[in-house]
Amino acid sequence: MDRKLSELVKVDDRFQNSINIQLDLNKVDKVLSYIPTKSSVEILDRYVSNINKDTKEKSTLLIGPYGKGKSHLLLVLLALISLGFTDEEKQVVEKVNGRIRNVSGTTADTIVEIREDGKRFLPIVISNTEMDLNQAYLVALNEALKRAGLINIIPNTFYTEAEKVIITWKDNYKDAFEAFADCLKAEKKTVEEMLLELNHCNREALDQFMDIYPKVTAGSKFNPMINMDIKVLYEQVNQVICLEYGYKG
């Protein structure tokens, strides 16, 4: 009798799915599946103590073998400092912190102090190593703001300004838009593809747009008065979310 492979092969329940910090950020089931150990709480204590005391040690390197739980630990850390204060979010934090307290009361107390401040942090996960560093930082910032529902404070950049120009051509300047579309077609790309790539801060797409721009605008150069310094952009966003949206950083 024929049998399905799923009837013959089973996955051991002791195996857990791997953690992807970017995709699993603040997912309740992933956060609640964390089982604190003495070694993991020792590392967690170092991070939360650093946050609570605002020390100058802002960069660390966490090394360990595959499957040791590094990503899960960081996922829990981010949840503890970034979850809001709805009843559901409070329950998640309290449940996880209760488990941590069974290992270290000191660490649990530090987490309580951070939460009692009434402010949370905005996690920015930089994970795409195929981009240049500036692009990776910019994409990560945009994604973090979108995830937090702060689309209105995404900083203007060459990429966003290029998108606005294309949309303006489409809505108000038919000849310019058609000329732009023809130039893209000659390079085997559609306007929709260009907009998508600009939205993802693709440097090659921006360079392509800047090359085409003079052909559509009788020789003028695309040079918006925008500050593209990543450090400055991060500082500006940090100031806004702290002053206007109740974040701590």
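**Surface patch and salt bridges**

Leu 5, Leu 8 and Val 9 make up a nonpolar surface patch that has about 330 Å² of accessible area together. This is a predicted model, in which local features need pLDDT of at least 70, side-chain atom pairs count only at pLDDT 80 or more, and totals for chains, interfaces and linings use all residues. Residues are numbered from 1 along each chain as its sequence is written, and side-chain values use heavy atoms, with hydrogens and water left out.

Colleague: Is Leu 8 buried or exposed?
Modeller: Happy to look! Buried means under 20% relative accessible area, exposed over 50%, and partly exposed in between (1.4 Å probe, protein chains only). Leu 8 has a relative accessible area of 53%, so Leu 8 is exposed.

Colleague: How many salt bridges does a search of the whole structure find?
Modeller: Good one to ask. A salt bridge here is a side-chain nitrogen of Lys or Arg within 4 Å of a carboxyl oxygen of Asp or Glu. Searching the whole structure, the number of salt bridges found is 7.

Colleague: Which residue forms a salt bridge with Arg 101?
Modeller: Arg 101 counts as partly exposed, at 39% relative accessibility. Its closest N and O atoms in the bridge are 2.9 Å apart, and the partner is Asp 109.

Technical notes: Patch = residues over 30% accessible without salt bridge, like charges linked within 9 Å, V, L, I, M, F, W, Y side chains within 5 Å. Areas by Shrake-Rupley, 256 points an atom, 1.4 Å probe, with all protein chains shown as cover.
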